[in-house]
Amino acid sequence: MASMRDIKRRKGSIQSTQQITKAMKLVSTVKLQRAKQNAEKSGNYFHCMYDTVSSILKRTKNLDHKYLKSGEAGKKAVIVITSNRGLAGGYNSNVVKLITRGELAEEDLAVYAIGKKGKEALQRQYEIKADYSDVIEEPAYVDAMAICKEVLAAFSKGEISEIYLAYTGFKNTVVHVPTLLKLLPVEINGEEAPEGSGENAQDGRAPMNFEPEDEEALNLLIPKYITSLIYGGMIEAVASENGARMQAMDSATSNAEEMIDHLTLMYNRARQGSITQELTEIIAGANAIS
Amino acid sequence: MADNNLFTLRIITPDRVFYEGEASMVEFNTTEGEIGIYKQHVPTTVIISPGILTITEEGGMKEAALHAGFAEILQDEVVILAEIIEWPEEIDAGRAEAAKERAEERIRSKTPETDILRAETALQRALARIHVIK
């Protein structure tokens, strides 16, 4: 049986761990609230963006546009959104698994990493093209624009043939879905809406005109569309990260609680044992003298 | 409703709803030139280029610097999806002036490497900002 001192030391260390996990839980709860608000506020924009782009694409079915067909050769690019910090349960590894266990072949994949954890997990196996890890601390729309610009430039040059976005979708505080979304070539269907499908009530309306003409409009709109998806992905990922961390820290705290209870019991038993032993020794000693 | 010439105007940015209300006219710059929209406009989608956005409401006019995005115009509703838009009070005058000078300088002393298009849009943006605060 472990000595009293050992048990006490162990208990102390678990207690301080518990304090840390408790504090982290509180912090991520607050951050989650904020991230959730952000996600809700920007939701509007993406719905409108999605509706508009899908209505354009519906009207112009047979368009031969560079953003609508995949390049013949070249790598496939994946923008991987993870977090910079760990201790968030399966949050990061779930996103990474999307790629490692996905259908995407290893050799023709180029990773654009947003978030250190994803980058670290993927860099042994895959080629990391660029790293935007600082961005995820506080996602801003301009950051998404910069990333989008770089990816599209590579696409236009023919270096990459398809672009995917791997992120964690935020359904609600406890449900987060790792998602792999195809950005380019653009494929619009009901399931591709970033969050729930936008209602396309375009049918009853008068036909839409475009200024400039369809093709040019697409040239200008699709980068905006991609940017908004990347931005939306980042916003949702941040919300999911904090949600995941909150859950992980919550269960860590209650696990620590359990262990402390167990150790307290052991400690008391050990204390009782040592008292009994001392007593027997004293009595035996007294008996020997008399 | 014959005399009601108001339409719903919504301006949405990635982080917030910038404006929502009834307006009688809205003017802004598009890639094809400046346009003014009244109610009953032909449904159109336009791409925005940097400039001044003027909203005419019942009570008066409002101005904002609108830099990028696109707008969906329907007969009784206009939705502007703005990537960047600012009210006059949000603009930093000093920064706008500096940006204007920088852009002008870049256009004046152009070298083959200069990204003229970028410099011009930067100049347009700075000018719109400066105009709106005045």
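The C-alpha centres of domain 1 and domain 2 of chain B lie 23 Å apart. This model is predicted. The domain assignment places domain 1 of chain B at 7–88 and domain 2 of chain B at 91–133.

The two domains touch. Nine residues of domain 1 of chain B are in contact with nine residues of domain 2 of chain B. On the domain 1 side, the elements giving two or more residues are β6 (51–56) and β7 (61–73) of chain B.

Now turn to chain A. Here five strands form an open sheet with mixed pairing. Their order is β3-β2-β1-β4-β5. The edges are β3 (127–131) and β5 (176–184) of chain A, and each pairs on one side only. From one strand to the next, the twist averages 25°.

Look next at β1 (residues 75–81) and β4 (residues 160–170) of chain A. These two strands run parallel and are joined by six bridges. A:Val78 stands opposite A:Tyr164 in β4(A). Helix α2 (residues 91–100) of chain A lies across β1, β4 and β5 of chain A. Its direction is about 150° to β4(A).

In soluble globular proteins, nonpolar side chains tend to be buried together. A:Met234 touches A:Ile81, A:Ile114, A:Ile136, A:Pro139 and A:Ala144, leaving out residues up to four places away in sequence.

Last comes the contact between the chains. It takes 21 residues from chain B and 23 residues from chain A. On the chain B side, the elements that give two or more residues are β5 (44–48), β7 and β8 (77–86) of chain B. β5(B) gives the most to this side, with four residues. By class, the chain B side has eleven nonpolar, five polar and five charged residues.

Strand pairing crosses between the chains too. Strand β6 (residues 209–211) of chain A pairs with β5(B) in the parallel sense, over three bridges. Find A:Phe210 to see one example: its bridge partner in β5(B) is B:Thr45.

Key:
Residues are numbered from 1 along each chain as its sequence is written. Chains are lettered from A and ligands numbered from 1 in the order in which they are written. This is a predicted model: local features need pLDDT of at least 70, side-chain atom pairs count only at pLDDT 80 or more; totals for chains, interfaces and linings use all residues. Domain bounds come from an automatic or database domain assignment. Two residues are in contact if their C-beta atoms, placed from the backbone, lie within 7 Å. Two strands pair if DSSP finds at least two bridges between them. Axes are lines fitted to C-alpha atoms, for helices over the stretch in contact, and angles run from 0 to 180 degrees between N-to-C directions. Ala, Val, Leu, Ile, Met, Phe, Trp, Tyr, Cys and Pro count as nonpolar, Asp, Glu, Lys and Arg as charged, and the others, Gly among them, as polar.
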